[in-house]
Amino acid sequence: MMESIGKKKRRLRCSFTPKFKAEIVELCRRGDRSVGQVAKDFELTETAVRSWVRQTEVDDGERDGLTSSEREELAVLRRENRRLRKDVDILKRATALFATETR
């Protein structure tokens, strides 16, 4: 019992299918229930549901922002950039090492 003192409860991070998200967004867009009520009915966080609605509006051109495909492309490019920076750093270190050995 004493071990749990000071430890925060963490909510498990769930992933949902695009189809499920689309159905939740559609329920919110119908207007017969609020976003909060839809979230409560499906035991989801209101923040997540609002995020799905907002992203759908961006994807549909109703709101400014990065579309889902643009976000995905950006993530891929950032990963590649990070990898290339590491490669360059390794090459710089190797060059410095070879330069000191040849002197």
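Hi everyone, a word on the ground rules. This is a predicted model, where local features need pLDDT of at least 70 and side-chain atom pairs count only at pLDDT 80 or more, while totals for chains, interfaces and linings use all residues. Residues are numbered from 1 along each chain as its sequence is written, and side-chain values use heavy atoms, with hydrogens and water left out.

Let's start with the helices. Two packed helices are described by the angle between their axes and the distance between the axes. Here, helix α1 covers residues 18–30 and helix α3 covers residues 46–59; their axes come within 9 Å and cross at roughly 90 degrees. That makes α1 roughly perpendicular to α3. On the terms: helices are DSSP runs of H or I with at least four residues, numbered from the N terminus. Axes are lines fitted to C-alpha atoms, for helices over the stretch in contact, with angles running from 0 to 180 degrees between N-to-C directions. Angles of 65 to 115 degrees count as roughly perpendicular, under 35 as roughly parallel, over 145 as roughly antiparallel, and the rest as oblique.

Which residues in α1 and α3 meet? From α1 we have F20, K21, I24, V25, C28 and R29, and from α3 we have V49, W52, V53, T56 and E57, with contact meaning heavy atoms within 4.5 Å. These residues divide into 7 nonpolar, 1 polar and 3 charged. In that scheme, Ala, Val, Leu, Ile, Met, Phe, Trp, Tyr, Cys and Pro are nonpolar, Asp, Glu, Lys and Arg are charged, and the others, Gly among them, are polar.

Now to the rings. The structure holds 4 aromatic pairs. Rings of Phe, Tyr and Trp (its six-membered ring) pair if their centres lie within 6.5 Å; planes under 30 degrees apart are stacked, over 60 edge-to-face, and the rest tilted. The F16 and W52 rings have centres 5.4 Å apart and planes at 70 degrees, so this pair is edge-to-face. F16 sits in the segment before α1 and W52 in helix α3, so the pair ties together parts 36 residues apart in sequence. Are they buried or exposed? W52 is buried, at 12% relative accessible area, whereas F16 is partly exposed at 32%. The cut-offs are under 20% for buried, over 50% for exposed, and partly exposed in between (1.4 Å probe, protein chains only).

F20 and F42 are also edge-to-face, since their ring centres are 6.3 Å apart and their planes at 75 degrees. F20 lies in helix α1 and F42 in the loop between α2 (35–41) and α3, so that pair ties together parts 22 residues apart in sequence. F16, F20, F42 and W52 form one aromatic cluster.

Finally, charges. Side chains of opposite charge can pair when their charged atoms come close. We count 7 salt bridges, each a side-chain nitrogen of Lys or Arg within 4 Å of a carboxyl oxygen of Asp or Glu. One of them joins D60 to R29, with the closest N and O atoms 3.3 Å apart. D60 lies in the loop between α3 and α4 (68–101) and R29 in helix α1, so the pair ties together parts 31 residues apart in sequence. R29, D60 and E62 are linked in a network of salt bridges. E46 and R50 also meet, at 2.7 Å from N to O; being 4 residues apart in helix α3, they are separated by about one helical turn.

Terms used: Helix = DSSP H or I, 4+ residues; strand = E, 2+ residues; numbered from the N terminus.
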